[in-house]
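Trainee: I would like to take a close look at a single part of this protein, and I would be glad of one connected explanation.

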Amino acid sequence: MTNVLINARPSPFGRKVAIAMLEKGIDFTVSYDVPWAEDTCTAQHNPLEQLPILITDNGETIYDSAYILTWLEARYPETPLLPADINDVLAAKKRQLLGERLMEAAQSLILERQRPQPSMAWVERQTRKVVGALCALDEMYADRQAPADDRPIDHGDIAVATTLLLFEFAVASGLSEAIDALVWRARLPSLTSFVEAIERRPSFVATGPAHMDVDLKAAMN
């Protein structure tokens, strides 16, 4: 039995796990699922009915992308994706947290704007969160060396890059209208340099997002 990653297109959360496994050289296959579909398998493996889910080669079920990354680091310490120094670990985890919460705020912003009568107070709050997180990350990456092919990356790098690249994919694929607050490339120079370097890594090239074969707007109604 091989490791199986159950994911949803074009989830940045599942992409994080796939990138980590590729960086570590762990063999796995990918299976795609739609958690709200009638024939979903998600609920069989995760009581929270969320993706991604990792079914290990010995049948163990692991879920929640952040926890899966922690589990992988503990079980597969080779090619570490966290630094050795505790201060650097905490810095990486802080960037990871910002990257993940930024994705959640952006998703909330996109969905609210798609409602027939969006709450402008809610839109403004989520916009502030998005802009604030992007600016904070740009400051953090001003002092962080761009990840060349032979330089290790960490959980924070993976979380931030997958989130930012999903913003662009969502607009290009029609999942979202163009929203000014989500534009970061060229506008935020440190983040731009960082992503332009990391998106060339084989693990990112191999896991590029793809359109989901489901009507997301219909699913929300």
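How are helices α3 and α4 oriented to each other, roughly parallel or roughly antiparallel?

Mentor: Before the answer, please keep in mind that this is a predicted model, in which local features need pLDDT of at least 70 and side-chain atom pairs count only at pLDDT 80 or more, whereas totals for chains, interfaces and linings use all residues. Residues are numbered from 1 along each chain as its sequence is written, and side-chain values use heavy atoms, with hydrogens and water left out.

The axes of α3 (residues 65-75) and α4 (residues 86-113) come within 12 Å and cross at roughly 150 degrees; helices here are DSSP runs of H or I with at least four residues, numbered from the N terminus, and axes are lines fitted to C-alpha atoms over the stretch in contact, with angles from 0 to 180 degrees between N-to-C directions. The two helices are therefore roughly antiparallel to each other, a term for angles over 145 degrees. Where they meet, Ser65, Ala66, Leu69 and Thr70 of α3 are in contact with Lys93, Gln96 and Glu100 of α4, contact meaning heavy atoms within 4.5 Å.

The wider setting is a domain assignment, automatic or from a database, that gives domain 1 (3-80) and domain 2 (86-206). Between these domains, 15 residues of domain 1 are in contact with 19 residues of domain 2.

Key: Angles under 35 degrees count as roughly parallel, over 145 as roughly antiparallel, 65 to 115 as roughly perpendicular and the rest as oblique.
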